[in-house]
Amino acid sequence: MKSWTEEVQINASIEHVFSYLDGPLEQMQKIMPQVIENTPVKETAAVVGNVYLQKYKEGEEIQEYEVETLEYVNTSTHKTLKVGSVLVDMFDITATYELEKLDENHTLFRYIATNRALNENAERFLQFATNEVVVSFVNRVKSVAETEYNS
């Protein structure tokens, strides 16, 4: 299993930043443009256990997979959203988004990604995986959140 953690301070309120992670598809697509559909399959009052069918477009190919909410905290000073999915029967992936309110206009954003290979082919592929995708995602969240917050 591989794990990557990246964090950044974002010059925007915690509620504003969280709206990209726990909001409608249109908000999510601003930071995850490849997600073209996010349809509820199962919803619970506790949020943990919610399952969504996501469609993800990579080039001309569209992949479909279920994303389950594994952890959810939504207070005025701390927010956590952890989701998990199995990608093409090769990888068990989790993504944890943690937000800490620094003050009214500043948020610490931490992204933790884990990737566990489910077979030998995936294990070989995972040996070459780097943190590039994680760093790029954190920077995109910062850029989008700050641009929209300040306009």
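Reader: Why is Lys-2 called partly exposed?

Author: Lys-2 has a relative accessible area of 27%. Buried would need a value under 20% and exposed one over 50%, so anything in between is partly exposed. Please keep in mind that this is a predicted model.

Reader: Where is Lys-2 found, and what is Lys-2 in contact with beyond its neighbours within four places in sequence?

Author: Lys-2 belongs to strand 1, residues 2-10. Leaving aside the neighbours within four places, Lys-2 touches Ala-113, Thr-114, Asn-115, Leu-126, Gln-127 and Ala-129; contact here means heavy atoms within 4.5 Å.

Reader: What makes strand 1 an edge strand?

Author: Strand 1 pairs on one side only, and strand 2 does likewise. They sit at the two ends of the order 1-7-6-5-4-3-2, in which seven strands form an open sheet with antiparallel pairing. On average, neighbouring strands of this sheet are turned by 20 degrees against each other, direction ignored.

Reader: How do you know that strand 2 and strand 3 pair?

Author: Pairing requires at least two bridges between the strands. Strand 2 (residues 35-42) and strand 3 (residues 51-58) share six, in the antiparallel sense, so they count as paired. One of the bridges sets Lys-42 against Val-51 of strand 3.

Reader: What joins strand 4 to strand 5, and strand 5 to strand 6?

Author: Strand 4 and strand 5 run antiparallel and are joined by seven bridges. A hairpin through three residues also links them. Strand 5 and strand 6 are antiparallel too, with ten bridges. Gly-84 takes part on both sides: Gly-84 is the bridge partner of Glu-68, and Thr-94 in strand 6 is the bridge partner of Gly-84.

Reader: What makes the phi of Val-88 worth a remark?

Author: Most residues other than glycine have a negative phi. Val-88 is not a glycine, yet has a positive phi of about 40 degrees. Val-88 lies in the loop between strand 5 (78-87) and strand 6 (91-103). Asp-89, in that loop as well, has a positive phi of about 55 degrees and is not a glycine either.

Reader: Why is Asp-89 called exposed, and why is Val-88 called partly exposed?

Author: The relative accessible area of Asp-89 is 63%, and exposed means over 50%. Val-88 has 48%, which falls between the 20% and 50% cut-offs and is therefore partly exposed.

Reader: How do you know that helix 1 is mostly covered?

Author: Helix 1 spans residues 14-21, and six of its eight residues are buried. They are Ile-14, His-16, Val-17, Phe-18, Tyr-20 and Leu-21. Helix 1 lies across strand 1, strand 4, strand 5, strand 6 and strand 7 (106-117), and runs at about 165 degrees to strand 6.

Reader: Why is helix 1 called oblique to helix 4?

Author: The axes of helix 1 and helix 4 (residues 132-149) come within 10 Å and cross at roughly 125 degrees. Roughly perpendicular covers 65 to 115 degrees and roughly antiparallel begins over 145, so an angle between those ranges is oblique. That makes helix 1 oblique to helix 4. The contact involves His-16, Val-17, Tyr-20 and Leu-21 of helix 1 with Phe-137, Val-141, Val-144, Ala-145, Glu-148 and Tyr-149 of helix 4. By class, this contact has eight nonpolar residues, one polar and one charged. The crossing itself is right-handed.

Reader: What does helix 4 lie across?

Author: Helix 4 lies across strand 1, strand 6 and strand 7, at about 20 degrees to strand 1.

Technical notes: Residues numbered from 1 in each chain as written. Predicted model: local features only at pLDDT ≥ 70, side-chain atom pairs only at ≥ 80, totals over all residues. Heavy atoms only, no water. Buried < 20%, exposed > 50% of the residue type's maximum accessible area, 1.4 Å probe, protein only. Axes fitted to C-alpha atoms, helices over the stretch in contact; angles between N-to-C directions. Parallel < 35°, antiparallel > 145°, perpendicular 65-115°, else oblique. Left-handed = near helix turned anticlockwise from the far one by under 90°. Nonpolar A, V, L, I, M, F, W, Y, C, P; charged D, E, K, R; others polar.
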